[in-house]
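Subject: Structure for your files, with notes

Hello,

Here is the structure you were expecting, followed by my notes on it. Please read them with the model open.

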Amino acid sequence: MVSTDKVFDICIVGSGITGSLAADHFLSKGLKVVMLERGDDVYLPDTQDGYWFEKWQSVSKNPNIYRNYWKNAEKYFDDLVEIENVNKDFGFHYNMKYGLGGSGAVWSGASWRMTPEDFRTRTLFGYGRDWPFTYDELSPYYDTVEQALFTSGPKDIPSWPWKNNYRYPAFRQSYLDKVVKKVFYPEFNITPNAFSVKNLPPEEGGCVGAKACVVKCPANARFRPDLHILKKHFNNKDFTLLMGKPCVNINLRGDRSVESVSILKDGTVSKVRAKYFFLAANTIENLRILHNSADTVNGPIANSSGLLGCYFSSHGALVMSVIMKEKLFVGRGRPTTSSAINTLNHRERVRFNSYMMEIWNSDWSIGTAPTAIFNNLRIKERNWGRTLFEKVQEADHRFAATLIFETEMRQRNKVTLSGVKDKFGIPLAKVDFKLSPRDERTFSYMKIIANKLKEKEGVKDIKKGGYGLNGNHPMGGYVCGDDPRTSVVDGFMKCHDHRNLYLLGGGAFNSTSALNPTHTIAALALKAVNDERISF
Amino acid sequence: MDFLFGRLLTRRGFIKSVLVFLVASITGCSREVLEYDADITAVTGEDSFSQFLDVLIPFNKPGLGRYREPLLGRLSNLGEKESEAVIRMYSGFKREFLKKHSSFQSFSIKKGEKVVSEMLESRSISDNTDRALDIIYEEISKLKDIGYGLWGREYSHSGVMCAFWDNYDKPVIVK
């Protein structure tokens with residue numbers, strides 16, 4: 001039971017990576033922390049299909065509502081989302097999860113920093129918004145994240161844009177990586193990825209190279225906030241964890257500081273009071289709570305700029321099924337070990353967005369094991385006889401390469417509330433996203449690149465395997481800046497409008513970069529909790 | 001005739017036999033067309049069934065030959081509907097092949113493939129041919145270790161240590 005009289009030092013909404021880092025920080029200072037988690041379990045699906053691929057189902061056409069859909073979906077995906085006025089194939093199909101550890105429990109572990117240039121796109125390339133701080137100011141927090149999340153990454157790569165001191169060395173590149181490196185060079189320089197996965201010998205608790213690492217890492221070598229941060233605090237008397245308690249809205253005092261958050265508990269609303277509040281759910285969930293908190297007496301929450309929900313975005317992607325002349329021996333080891341990032345700050349960034357290429361250890365568009373490939377080629381493509389068996393053999397020459405591109409953050413792309421409510425009575429998020437002319441130009445350029453790669457010696461064929469917007473990387477929606485008129489949070493992710501409310505997650509991003517955002521999200525969270533204005 | 005009387009001993013067999021007789025009378029089909037009534041175990045034992053399977057599965061490829069017997073074992077234990085579909089397709093294949101080449105003595109995979117292609121293209125029989133192919137391919141995909149046979153090498157299973165973790169940066173010897 002939560003005492004309505006009790007006032008915690010810190011209230012954290014969400015138990016994912018940012019919430020866990022924040023809790024760990026404040027608990028280590030001896031503060032009293034309450035953490036609210038909407039899910040009542042840990043989301044760990046039984047099969048690769050349960051996580052790795054996004055699946056969604058249209059629930060209603062008018063309004064256009066869809067939901068993530070797979071086994072036990074209701075337990076983890078009651079977050080229906082309404083989509084309005086989007087490019088048909090570039091709708092944002094929300095793919096985050098509830099439960100202890102949040103999506104961090106099923107995170108791939110890709111641990112990229114953003115490049116220094118990504119923080120100054122307006123100044124350097126004439127588009128987007130500059131961040132209110134430089135890469136160098138965020139860099140120490142990245143360093144801490146790489147230690148806390150036991151990141152494994154490379155050293156001494158000439159074109160590497162960062163100076164890292166990774167806790168563990170990078171994973172070896174697979175045979176496939178080496179073949180691709182040879183064939184795609186020099187346009188794409190295939191280098192090892194950084195992962196928050198322990199690269200240690202298996203007997204020392206390191207990665208065993210199981211293909212299902214994202215789903216259930218059999219060695220617990222992949223960083224999980226629930227296992228590797230929260231668990232150690234379970235017996236801490238200063239830590240209160242409330243599971244299965246969705247946060248409904250925020251309540252203000254007369255001076256516009258946050259007094260409490262309302263949570264649903266056994267069908268009734270209770271208040272949780274604290275001195276400081278950290279919304280550490282992901283971008284979409286934070287925005288739902290904020291939009292749902294408009295107070296008729298004390299006014300809207302975090303929206304004096306009128307920009308709450310605006311500048312929402314995610315990464316664009318073009319998936320290629322590449323067939324090489326040489327055999328690749330795919331389907332072994334981690335799902336991916338390498339990428340090409342030499343294209344991030346390409347010469348024409350004034351005209352085209354940043355982009356990179358991910359190399360996957362199989363062509364997952366046709367399956368990741370020979371029997372699955374065999375069944376797919378029979379059932380979906382209706383192959384038979386020698387052709388069927390030759391194509392299965394050919395799969396050992398195939399891999400998936402994804403061209404990931406930055407999208408421009410624009411004011412017109414926004415998250416608001418839908419008129420439809422979820423099972424708790426909280427309005428759904430409504431996403432209105434449209435590619436900008438610059439994004440369209442970049443997407444066309446990605447297609448040109450795919451066609452050019454086809455001509456490479458060593459490539460037999462490239463089939464375009466689909467494209468769209470990444471449902472795992474919501475960014476923007478409460479952009480950061482120094483001016484309260486043009487931003488929602490400041491450089492420490494504190495709301496301009498409220499002295500004790502901090503917004504963690506990707507919502508504070510001012511540019512998307514072309515790289516996975518988790519590491520930057522974690523670094524921003526550490527920057528926020530280290531804000532010197534937090535005092536007791 | 002013995003076969004027919006044997007079937008008449010059961011009520012189900014009686015109804016089926018009457019239906020077969022009626023359909024055959026109306027359409028003017030010969031007994032050969034209706035061979036799906038035959039026994040799957042006997043059919044899978046025929047030499048020409050083995051040739052039929054060679055058209056569908058390249059058992060002559062390295063690593064695949066050892067799956068022929070286990071597959072025949074699975075096919076001879078198919079349920080009634082599945083057996084019927086496979087026998088129907090096989091009967092059609094036999095009939096069309098004999099129509100073109102008069103005997104199986106001149107059998108080749110290429111000739112067999114042409115027959116199956118034409119069966120798949122023919123509107124009147126393609127549905128059943130496709131269904132029978134689905135059944136046969138589903139059965140082979142259920143065989144133990146077939147993944148090894150399909151790629152001619154070991155591969156990593158989800159959730160267990162990678163079979164190649166120590167040397168996954170090197171090529172694999174394919175047997």
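Predicted model: local features only at pLDDT ≥ 70, side-chain atom pairs only at ≥ 80, totals over all residues.

Chain B

Chain B has nine helices and zero strands. Read from the N terminus, its elements therefore run α-α-α-α-α-α-α-α-α. Of its 175 residues, 24% count as buried. Among contacts in chain B between residues at least 6 apart in sequence, 60% join residues at least 24 apart.

Two helix pairs in this chain are worth a look, and both involve α7(B). Two packed helices are described by the angle between their axes and the distance between the axes.

Angles of 65 to 115 degrees count as roughly perpendicular, so α4(B) and α7(B) are roughly perpendicular to each other. From α4(B), the residues in contact are B:Q51, B:D54 and B:V55, and they meet B:I109, B:G112, B:E113 and B:V116 of α7(B). By class, this contact has three nonpolar, two polar and two charged residues.

In the second pair, α7(B) packs with helix α8 (residues 123-141) of chain B at an angle of about 115°, with the axes 6 Å apart. Here α7(B) contributes B:M119, B:L120 and B:E121, which meet B:I125, B:S126, B:T129 and B:D130 in α8(B). The classes for the contact of α7(B) with α8(B) are three nonpolar, two polar and two charged residues.

The contact between the chains

How many residues does each chain give to the contact? Chain A gives 30 residues and chain B gives 28 residues. On the side of chain A that touches chain B, the elements that give two or more residues are α5 (175-184), α8 (370-379) and α9 (385-394) of chain A. The largest share of that side, five residues, comes from α8(A). By class, the side of chain A that touches chain B has 13 nonpolar, nine polar and eight charged residues.

Helix α4 of chain A

Just after the helix, A:F150 takes a positive phi of about 35°.

Backbone points in chain A

Most residues other than glycine have a negative phi, and most peptide bonds are trans.

- A:R256 is not a glycine, yet its phi is positive, about 70°. A:R256 is in the loop between β10 (247-252) and β11 (258-265) of chain A, and it counts as partly exposed because it has 18 C-beta neighbours inside 10 Å.
- A:S513 also has a positive phi, near 55°. A:S513 is found in the loop between β20 (501-503) and α11 of chain A. With 24 C-beta neighbours inside 10 Å, A:S513 counts as buried.
- The peptide bond from A:Y185 to A:P186 is cis, with omega near 5°. A:P186 sits in the loop between α5 and β8 (190-192) of chain A.

A buried glycine in chain A

Is A:G104 buried or exposed? A:G104 counts as buried, because it has 31 C-beta neighbours inside 10 Å. A:G104 lies in the loop between β5 (81-84) and α3 (121-125) of chain A. Leaving aside residues up to four places away in sequence, A:G104 touches A:G16, A:I17, A:R224 and A:P225. A:G104 and A:D226 are 122 residues apart in sequence, and their C-alpha atoms are 8.2 Å apart in space.

Regards

How values were computed. Residues numbered from 1 in each chain as written. Chains lettered and ligands numbered in written order. Axes fitted to C-alpha atoms, helices over the stretch in contact; angles between N-to-C directions. Helix = DSSP H or I, 4+ residues; strand = E, 2+ residues; numbered from the N terminus. Parallel < 35°, antiparallel > 145°, perpendicular 65-115°, else oblique. Contact = placed C-beta atoms within 7 Å. Nonpolar A, V, L, I, M, F, W, Y, C, P; charged D, E, K, R; others polar. Buried ≥ 20, exposed ≤ 12 C-beta atoms within 10 Å, placed from the backbone.
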